[in-house]
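Q: I'd like to go through the charged side chains here; could you take it step by step?
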Amino acid sequence: MKIVVIGGTGLIGSKLVSWLGEQGHEAVAASPRTGVNALTGEGLAGALAGADVVADVSNSPSFEAGAVMEFFETSTRNLIEAASAAGVGHHVALSVVGTHRTPANDYFRAKLAQERLIEKSGLPFSIVHATQFFEFVRGIADESTQDGQVRIAPVLFQPMAGDDVARAVGRVAAGPPLNGRIEVAGPERFRMDEFFREALASWGDPREVVTDPHARYFGTEVGEHTLVPDDGAVLGEIRYRDWPGRDA
């Protein structure tokens, strides 16, 4: 199949393009770097010509409330219009576990708006809800640091490797439309404060991890199950302790 990957030169997109190619599909990396801009619509018609599937794994360059909402709403509308005109038979989007449980979070609210546009588009679709990526663990620690302490809530946390995310999205893209959602997550579940305490120790990072029930996760307090999937999620294969990038 011809599968166009929106955001195809990014973290997940580049892995997805590689995986799809290994499976024998014609995978097209579409991003501003390759002359395709979903936010402006530039290059979309040409990229989607003859495509069987479009997989959107793009991300907003800004997480500011207005900017992130503008990105996902505008780029998704442009993509739906172009995909409909090109006769694309399957629209796949990567989203986040917890979007429906955390409406106060600006990013999650924008992803939920994206999902609703896709649901109402009339195109056959699949939405892949993934947990947090291993690749962003250090960024979470930095974001959570106050006065030299890493303040983390003791909630459940089930991160996964970017390679597992890409494989999960690829399998969905190569299959029939779900016309619904699927959740994917890492193979292990932790208490988030304990996870970061062990992670920082393995990095040789001297910062103290402080358990704080009111600690914010990218600006929002989260509940016990906000960041983990419901029963029946598809689990990745790579454990954090075995992930090659853990101590990089």
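Q: Leaving aside its neighbours within four places in sequence, which residues is E183 in contact with?
A: Taking contact to mean heavy atoms within 4.5 Å, and leaving aside neighbours within four places in sequence, E183 touches V97, H129, P229, D230, A233 and V234. This is a predicted model, in which local features need pLDDT of at least 70 and side-chain atom pairs count only at pLDDT 80 or more, while totals for chains, interfaces and linings use all residues. Residues are numbered from 1 along each chain as its sequence is written, and side-chain values use heavy atoms, with hydrogens and water left out.

Q: Where does E183 sit, and what does its side chain reach at 2.8 Å?
A: E183 is placed in strand β9 (strands are DSSP runs of E, at least two residues, and helices are runs of H or I, at least four, numbered from the N terminus). Its side chain reaches the backbone nitrogen of D230 at 2.8 Å.

Q: OK, what does R101 form a salt bridge with?
A: R101 pairs with D230, and their closest N and O atoms are 3.8 Å apart. R101 lies in the loop between β4 (90-96) and α4 (106-119), and D230 in the loop between β13 (220-221) and β14 (234-235), so the pair ties together parts 129 residues apart in sequence. R101 is partly exposed at 35% relative accessibility, and D230 is partly exposed at 49%.

Q: Switching topic, how many salt bridges does the structure hold?
A: There are 13. One network of salt bridges links E115, E119 and R181.

Q: And E188, is that one buried or exposed?
A: E188 is buried, with a relative accessible area of 17%. Its side chain meets that of R241 in a salt bridge at 3.0 Å, N to O. R241 lies in the segment after β14 and E188 in the loop between β9 and β10, so this pair ties together parts 53 residues apart in sequence. E188 also forms a salt bridge with R239, at 3.2 Å from N to O.

How values were computed. Salt bridge = Lys/Arg side-chain N within 4 Å of Asp/Glu carboxyl O. Buried < 20%, exposed > 50% of the residue type's maximum accessible area, 1.4 Å probe, protein only. Polar contact = N/O pair within 3.5 Å; in protein donor to acceptor, adjacent residues only side chain to side chain.
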